[in-house]
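Please look over the sequence and the model below before reading on. The briefing that follows begins with one side-chain arrangement and then takes up other topics in turn.

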Amino acid sequence: MAYATLAVFLAGIVRGYTGFGFSALVLLLLSLVFPPAAVVPVLLLLEIIASLHMLPAVWRQVDRRILTWLMLGSCISVPAGVFLLASLPDDMMRLIISLLVLASALLLWTGFRFRSEAGRGLVFGTGIVSGAMTGAAGVGGLIVVVMFLSANVSIVVVRATMVAFLLLKDILTIGVAGAYALVSTYTLLVAGAMVVPLFIGIKVGHRLFNVANPDRFKQFVLVLLMVLSVAGVARAILS
């Protein structure tokens with residue numbers, strides 16, 4: 001429990017600062033020890049709580065057009081992703097999760113840009129990919145950040161729209177996960193126990209948002225995600 005608490009606290013700092021990355025960081029840390037199918041629902045609940053906590057402060061900056069098309073895409077693909085989470089063996093899911101996070105982190109590290117700006121088609125397609133990644137692995141936020149790099153959108157709007165999108169997408173995903181019996185009373189109890197370290201981490205992240213160098217912080221988070229992803233790949237292959 002101490003290990004899980006520390007992981008949630010550190011990821012909460014990232015969440016409070018960037019508006020994303022919480023699930024990827026916690027999932028990589030916890031899936032080294034616990035089955036992904038048990039970890040993902042807890043993370044979704046914590047993401048929902050975190051987003052509800054952050055949304056009132058950023059709601060006015062949300063880009064409603066982008067949010068709508070992201071959600072339309074996610075509604076199509078979330079059920080398929082949850083089906084994979086419920087069906088595939090633990091080590092296979094560890095490998096998939098680690099590779100997805102590694103690929104997303106590398107795209108962000110290299111500054112990859114889509115050739116077109118964030119038009120309706122690109123946003124809708126990103127929503128489909130993000131929904132599938134969230135349903136299967138709980139890490140659908142990173143690919144949306146890659147999409148936002150191609151858009152002429154301020155960091156404040158990106159952060160606000162990410163918070164709103166993660167909230168709606170995770171509510172949808174936890175509902176589908178419940179239909180597959182992946183959410184239990186134990187899931188709710190574990191998520192409840194992690195709320196305090198999550199909120200403390202988010203508060204620290206909010207303060208860092210106003211004082212820390214965003215580029216250096218982003219580089220640190222991406223390197224950490226890549227290192228943990230490689231560890232996850234090794235864990236899956238060697239098991």
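**Briefing on the predicted model**

Arg64 lies over the face of Trp59, at a distance of 4.2 Å from the ring centre. This and everything below describes a predicted model, in which the protein chain comes to 11 helices and 0 strands. The points that follow are grouped by topic, beginning with the chain as a whole.

**The chain as a whole**

- Read along the sequence, the protein chain follows the pattern α-α-α-α-α-α-α-α-α-α-α, and its radius of gyration of 16 Å is close to the 18 Å that the globule rule gives for 239 residues, so the chain is as compact as a globular protein of that length.
- Taken along the principal axes, the box filled by the C-alpha atoms of the protein chain is roughly 45 × 35 × 30 Å.
- Of the 239 residues in the protein chain, 51% count as buried, while the chain exposes about 10600 Å², of which carbon and sulfur atoms supply 70%.
- Among contacts in the protein chain that link residues at least 6 apart in sequence, 86% join residues that are at least 24 apart.

**Aromatic rings and charges**

- The structure holds 2 aromatic pairs, and in one of them, formed by Trp69 and Phe124, the ring centres are 6.0 Å apart and the planes stand at 90°, so the pair is edge-to-face.
- Trp69 lies in helix H4 (residues 64-87) and Phe124 in helix H6 (residues 120-137), so this pair ties together parts that are 55 residues apart in sequence.
- Trp69 counts as partly exposed, at 25% relative accessibility, and Phe124 is likewise partly exposed, with a relative accessible area of 26%.
- Besides the arrangement of Arg64 and Trp59, there is Lys169, which lies over the face of Phe165 at 5.3 Å from the ring centre.

**Helices H2 and H9**

- Helix H2 (residues 22-30) is mostly covered, with 9 of its 9 residues buried; among them are Phe22, Ser23 and Ala24, as well as Leu30.
- In helix H9 (residues 185-193), the residues Thr187, Val190 and Ala191 are buried, and seen down the axis of H9 the buried residues fall within an arc of 100°, so they line one face of the helix.
- On the other side of H9, Thr185, Tyr186 and Leu189 are exposed.
- As background to this kind of arrangement, an α-helix has 3.6 residues a turn, so residues three or four places apart point the same way.

**Residues in the loops**

- Gln61 has its place in the loop between helix H3 (36-58) and H4, where Gln61 is partly exposed, with a relative accessible area of 31%.
- Although Gln61 and Val156 are 95 residues apart in sequence, they are 6.9 Å apart in space, C-alpha to C-alpha; leaving out residues up to four places away in sequence, Gln61 touches Val156, Val157, Ala160 and Thr161.
- Leu32 is found in the loop between H2 and H3 and counts as partly exposed, at 23% relative accessibility.
- Leu32 and Gly232 are 200 residues apart in sequence, yet 6.3 Å apart in space, C-alpha to C-alpha; with neighbours within four places in sequence left aside, Leu32 is in contact with Tyr3, Ala231, Gly232 and Arg235.
- Ala181 is found in the loop between helix H8 (155-179) and H9, and Ala181 is exposed, with a relative accessible area of 66%.
- The phi angle of Ala181 is near 60°, which is a positive value in a residue other than glycine.

- Val39 lies in helix H3 and is buried, with a relative accessible area of 6%.
- Not counting residues up to four places away in sequence, Val39 touches Leu27, Leu30 and Phe34, and two of these partners, Leu27 and Leu30, are among the buried residues of H2.
- Val39 and Val158 are 119 residues apart along the chain, and their C-alpha atoms are separated by 27 Å.

Terms used: Residues numbered from 1 in each chain as written. Predicted model: local features only at pLDDT ≥ 70, side-chain atom pairs only at ≥ 80, totals over all residues. Heavy atoms only, no water. Phe/Tyr/Trp six-rings, centres within 6.5 Å; stacked < 30°, edge-to-face > 60°. Helix = DSSP H or I, 4+ residues; strand = E, 2+ residues; numbered from the N terminus. Buried < 20%, exposed > 50% of the residue type's maximum accessible area, 1.4 Å probe, protein only. Lys NZ or Arg CZ within 6 Å of the ring centre and 35° of its normal. Rg over C-alpha atoms; globule rule 2.2 N^0.38 Å. Contact = heavy atoms within 4.5 Å. Areas by Shrake-Rupley, 256 points an atom, 1.4 Å probe, with all protein chains shown as cover. Arc of directions from axis to C-beta.
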